[in-house]
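Have the sequence and the coordinates open side by side. The walk below goes from sheets to interface to backbone details.

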Amino acid sequence: MTVIRTTKGPEYARLMGLGVARGEVTVTNDDVAGPIDSSDEWIQQRTGIVTRMRAKPETSVLDLAERASRDALIAAGIEGRAIDTVIFSTITHPQMTPAAAPELGARLGCPTAAAFDISAACAGYCYGIAQADALVRSGQSTYVLVVGAEKMSDFVDPTDRSISFLLGDGAGAVVVGPSDAPAIGPTVWGSKDGAEFVRMTHSWLEVRDDPTTPFPTLVQEGQTVFKWASFEMPDAAAKAIEAAGLTPADIQAFIPHQANIRIIDQMAKRIGLPDTVAIGRDIVDSGNTSAASIPLATERLFRDGQVKSGDLALQIGFGAGLVFAAQVVALP
Amino acid sequence: MALSEKEVLAGLAEIVAEETGLDAAEVTGPKSFTDDLDIDSLSMMTIVTLAEEKFSVRIPDEDVKNLVTVADAVAYMTKAQS
Ligand SMILES: CC(C)(COP(=O)(O)OP(=O)(O)OC[C@H]1O[C@@H](n2cnc3c(N)ncnc32)[C@H](O)[C@@H]1OP(=O)(O)O)[C@@H](O)C(=O)NCCC(=O)NCCS
């Protein structure tokens, strides 16, 4: 009987190097408050955000991704041509096709790598890590580049009070490759029926059919999302710790998606993380950058000396879908 | 066993104290959540969710806006237990 041969890879995978890029322009709360009749005080008190970083008009989401990826390759100590899979998480690549990943691969010197985009919004980075880990350990890939990159500012409506004022632009990239020791725990992920909770205002077809229809932007039901994130996501995060065979006391850093500082604090409390755990709070300066927010917050913790290579970090992404993913990783 | 209004008030005061940093003794019946206790909409939702867990009750979103004072919430939750 003929049988198909399958591949088998190394037993473990790890994050090898991190790189990030933020939008070049600092946008203050006062800059966004006018059209939504808000204030610096209101925004800080409800969200923790003091500034968000937005890209210049001429900077594309691919440019941000390229900057982050080049630094990730340097940090990992590998050449672009060694990358055999490029996974690009984004919801703001303005062309439906082709995907952003093949062009990023071409820019980085790996023009023949397998390349595809993931649409998992603010969970996109953790979805990418889950896939990269599986690809390496199955022997399907050796070095996977995972990028979360967003130019959210292309899809904001300055008069929208629900989400636009939270959003910033940025990119984070990591190289995932083989490892001698376990360094990426199992991913706890899933979805929830709630397409209307965070979404585009309307579809492209409506714009086609009625040219007076405005350009689609993002909106959300803030209270519903706040409740889901604050009260259901801690369970997923706790399961990711358990799935990795660990307890909260084993974790050195908690790096959740940067949606709202009050969600971050509530989650940390409910998971029962010890006070010694470093918590990613880059939202204060960078705003909510969707798929880029976890790697950006990770970089910030490194820069502030709050974490070091090898520390165990619990990361969790959650957002439009609704979708979520959590895993424990050893920091690169 | 259903809790009495007094017990619900004590439990609710604990939740409010934890969320806001206020002293539990300040959480009394006539106080308005927004005007007197300075609780914003996100804290109110957090408090309601924690109370739902603590007292095993369901408080639909449309009812939350009717819970203006602490006494309103205590009466609602005491009744909802049964
Ligand atoms: C967006 C968010 C800050 C809004 O706060 P909220 O407390 O839920 O706001 P509400 O819509 O309940 O409105 C509460 C009050 O603030 C006002 N308000 C709402 N949005 C406002 C804004 N942007 N600026 C100023 N005031 C605002 C409302 O008019 C209302 O006033 P009132 O009490 O006088 O009627 C909050 O819901 C949130 O952060 N949710 C989490 C969602 C998230 O992070 N999503 C990311 C998805 S990945």
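In what order do the five strands β8, β11, β12, β13 and β14 of chain A form an open sheet? The order is β8-β14-β13-β11-β12, with mixed pairing. Two strands count as paired if DSSP finds at least two bridges between them. Strands are DSSP runs of E with at least two residues, helices are runs of H or I with at least four, and both are numbered from the N terminus. At the edges stand β8 (188-191) and β12 (278-279) of chain A, each pairing on one side only. Helix α5 (residues 124-137) of chain A packs on this sheet and touches β8, β13 (312-319) and β14 (323-330) of chain A. The direction of α5 makes about 60° with that of β14(A). Contact here means heavy atoms within 4.5 Å. Axes are lines fitted to C-alpha atoms, for helices over the stretch in contact, and angles run from 0 to 180 degrees between N-to-C directions. Strand β11 (residues 253-256) of chain A runs parallel to β12(A), joined by two bridges. Ala253(A) has Ala278(A) as its bridge partner in β12(A).

A word on the ground rules. This is a predicted model, where local features need pLDDT of at least 70 and side-chain atom pairs count only at pLDDT 80 or more, while totals for chains, interfaces and linings use all residues. Residues are numbered from 1 along each chain as its sequence is written, chains are lettered from A and ligands numbered from 1 in the order in which they are written, and side-chain values use heavy atoms, with hydrogens and water left out.

Now take the sheet that begins with β1. Chain A has five strands in an open sheet ordered β1-β7-β6-β4-β5, again with mixed pairing. Its edges are β1 (12-22) and β5 (114-118) of chain A; each has a single partner strand, so one side of each is left without a neighbour in the sheet. From one strand to the next, the twist averages 15°. Strand β4 (residues 85-89) of chain A pairs with β5(A) in the parallel sense over five bridges.

Helix α4 (residues 100-108) of chain A lies across β4, β5 and β6 (144-151) of chain A, at about 130° to β4(A). Helix α11 (residues 293-303) of chain A lies across β1 and β7 (169-179) of chain A, at about 90° to β1(A).

Next, chain B. The contact involves 11 residues of chain A and 13 residues of chain B. About 1,200 Å² is buried between the two chains, with carbon and sulfur atoms giving 46%. Buried area is the accessible area (1.4 Å probe) that two parts lose on being put together, summed over both. On the chain A side, Gln223(A), Lys227(A) and Phe231(A) lose the most area to chain B, together 41% of what that side buries.

What holds charge across this boundary? The rule finds five salt bridges between chain A and chain B, each a side-chain nitrogen of Lys or Arg within 4 Å of a carboxyl oxygen of Asp or Glu. One joins the side chains of Asp40(B) and Arg46(A), at 3.5 Å from N to O. On chain A, the elements giving two or more residues to this side are α2 (40-47), α7 (222-231) and α9 (261-271). Over all chains, the structure holds 25 salt bridges.

Finish with the backbone. Most residues other than glycine have a negative phi, and most peptide bonds are trans. The bond from Thr97(A) to Pro98(A) is cis, with omega near 0°. Pro98(A) sits in the loop between β4 and α4 of chain A. Another cis peptide bond joins Gly321(A) and Leu322(A), with omega about -5°. Leu322(A) is in the loop between β13 and β14 of chain A. Ala121(A), though not a glycine, has a positive phi of about 45°. Its place is the loop between β5 and α5 of chain A.
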